[in-house]
Amino acid sequence: MIGAFSGVMKTSKVMSILSFSVLLAAMMIPSLQAAPAASAGMGKGLYGVEGANSCMFCHGISGEGGKVKEAAKLTHPKQWKAYAALGGDASYKKDPKVFLEKMKAATLDLIKMGAIRHNATYKAEGYNKAAIKPYSAQMMGLSGSASIAWLKKYSDKGVTPDVAAESLWLHVQILDQEAFFKN
Ligand code: HEC
């Protein structure tokens, strides 16, 4: 009796493990198909998307000379506020690799959040907010209407705001004319 009972238990356990695995596989298939990786090409497309308040609209196709005069020159990363907030030249020279990682983290947050939320919430080791003026609210990042429309379109293909921002980071490095990102 006991043997037969545990046999039944085993079968149902096997069944539940099987159906759980099937469920897991079913959940994974769409995400394996979608979820494109970040790329400079994707960043270029998003950066230059037509419409009001895309990155290009304010910053210009080359990273300067766009429609918003106050927009940072993406061609000159050493002039960015993030560079100053992280301690500028002295800090950069001490450890360029670590500095670049921190600059990337701060910039990705700014791009994803836009200036207002970034000003209010961004904190990181080595990032001294007091060393800079808050970012102008004009820096909308991905919250500009053309970027929102792009994100909506590509979210169907699995592109998340993180992948989009990472792609922009890759594209912005190409706009650099100071060879800052080459080091
Ligand atoms: C509506 C105009 C506008 C849009 C849209 C916009 N920006 Fe900006 N951006 C600005 C302005 C203005 C600044 C300068 C802000 C400041 O220094 O206070 C800026 C600054 C920056 C900086 C320099 C950050 C720093 O640390 O100084 C980067 C990088 C940047 N923008 C990237 C982007 C990217 C990528 C996009 C597209 C997702 C984008 N921006 C969309 C106006 C805009």
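Helices here are DSSP runs of H or I with at least four residues, strands are E runs of at least two, and both are numbered from the N terminus. Residues are numbered from 1 along each chain as its sequence is written. The model is predicted, so local features need pLDDT of at least 70 and side-chain atom pairs count only at pLDDT 80 or more, while totals for chains, interfaces and linings use all residues.

**Stop 1**

Check the backbone of Ala179. Its phi is positive, about 55°, although Ala179 is not a glycine. Ala179 counts as exposed because it has 7 C-beta neighbours inside 10 Å. The cut-offs: buried means 20 or more other C-beta atoms within 10 Å of the residue's own, exposed means 12 or fewer, and partly exposed lies in between, with C-beta atoms placed from the backbone.

His76 and Ala179 are 103 residues apart in sequence, yet 9.0 Å apart in space, C-alpha to C-alpha. Leaving out residues up to four places away in sequence, His76 touches Gln177 and Glu178. Contact means C-beta atoms, placed from the backbone, within 7 Å. His76 has 16 C-beta neighbours inside 10 Å, so it counts as partly exposed.

**Stop 1: Asn53**

Move to the loop between α2 and α3 and select Asn53. Its phi is near 60°, a positive value in a residue other than glycine. Asn53 is partly exposed because it has 18 C-beta neighbours inside 10 Å.

**Stop 2**

**Stop 3: the core**

Finish with the largest nonpolar core, of 28 residues. Such a core is a set of buried Ala, Val, Leu, Ile, Met, Phe, Trp, Tyr and Cys residues joined through C-beta atoms within 7 Å. Leu46, Ala82, Leu86, Met103, Ala164 and Leu168 have the most contacts inside it. Helices α2, α3, α4, α6 and α9 each supply at least two of its residues. Zoom in on Leu86. Beyond its neighbours within four places in sequence, Leu86 contacts Ser91, Phe99, Lys102, Met103, Gly126 and Tyr127.

Technical notes: Two residues are in contact if their C-beta atoms, placed from the backbone, lie within 7 Å.
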